[in-house]
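Biologist: I have not seen this structure before. Could we go through it by question and answer?

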Amino acid sequence: MRKFFIALVAAFATLGVSAVEIDDTPIDTKALPAAAHKFLKHAFPGCEVSFASKDVDFMETEYKVVLASGYVIEFDSKGAWKDIDGKGKALPEAVIPTAISQTIQKRFPGRVVTDLSLDRGNYEVKLDNGLEVEMNSAGKILEIDD
């Protein structure tokens, strides 16, 4: 039994070593998924990519793109965006879902979205005044954090 336990521990240790994360490996933009290319072309037309990277984790692959304009976009393995960071600048309207944009304009007039994240169907929206608003896809506010 003890030999079995030692063998089991050794197997998991080997698995752990082989499953080491590969963080932010630079890649050519051609290596991005097709959906990511389509999104960038639609949402940020004419913007030049400064840097693209691939982050391989044990269970998933993610991509990060830094544009010359300063925007940072993170994509999942299929090329769907997960986070768009404007680094304090307003995000283009093309990236903000209509329901989210309408709620922001109505509830926070004069404010702009500087960061947008999508997690399990809900959006986390950061505004230029530092306010963070969690919303569902219909634009309903779920939580506000200052």
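Biologist: In which strand is Ile 73 found?
Modeller: The model is a predicted one. In it, Ile 73 belongs to a strand, and that strand is β4.

Biologist: Is Ile 73 buried or exposed?
Modeller: The cut-off for buried is under 20% relative accessible area. Ile 73 has a relative accessible area of 0%, so Ile 73 is buried.

Biologist: How far apart in space are Ile 73 and Tyr 63, C-alpha to C-alpha?
Modeller: Ile 73 touches Tyr 63, and its other contacts include Lys 64, Val 65 and Asp 83. In sequence, Ile 73 and Tyr 63 are ten residues apart. From C-alpha to C-alpha, the distance in space is 8.3 Å.

Biologist: Which element gives the most residues to the largest nonpolar core?
Modeller: The largest nonpolar core has 31 residues, and Ile 73, Phe 39 and Phe 44 are among those that touch the most other members. Elements giving two or more residues to this core include α2, β3, β4 and β5 (81-85). With four residues, the element that gives the most is α2.

Biologist: How many aromatic pairs does a search of the whole structure find?
Modeller: One aromatic cluster is formed by Phe 39, Phe 44, Tyr 71, Phe 75, Trp 81 and Tyr 123. For aromatic pairs, the search of the whole structure gives a count of five.

Biologist: Why is the pair of Phe 39 and Phe 44 edge-to-face rather than stacked?
Modeller: The ring centres of Phe 39 and Phe 44 are 6.3 Å apart. Planes over 60 degrees apart count as edge-to-face. The planes of these two rings are at 65°, so the pair is edge-to-face.

Biologist: How many residues apart in sequence are the parts that the pair of Phe 44 and Tyr 71 ties together?
Modeller: Phe 44 and Tyr 71 form a tilted pair, 5.1 Å centre to centre with 50° between the planes. Both residues are buried. Phe 44 is in the loop between α2 (34-43) and β2 (49-56), and Tyr 71 is in the loop between β3 (61-67) and β4 (72-75), so the pair ties together parts whose separation in sequence is 27 residues.

Biologist: Which residue lies over the face of Tyr 71?
Modeller: Tyr 71 is a member of the aromatic cluster. At 4.7 Å from the centre of its ring, over the face, lies Lys 89.

Definitions and conventions: Residues numbered from 1 in each chain as written. Predicted model: local features only at pLDDT ≥ 70, side-chain atom pairs only at ≥ 80, totals over all residues. Heavy atoms only, no water. Phe/Tyr/Trp six-rings, centres within 6.5 Å; stacked < 30°, edge-to-face > 60°. Buried < 20%, exposed > 50% of the residue type's maximum accessible area, 1.4 Å probe, protein only. Lys NZ or Arg CZ within 6 Å of the ring centre and 35° of its normal. Contact = heavy atoms within 4.5 Å. Core = buried A, V, L, I, M, F, W, Y, C linked by side-chain atoms within 4.5 Å. Lists of a residue's contacts leave out its neighbours within four places in sequence.
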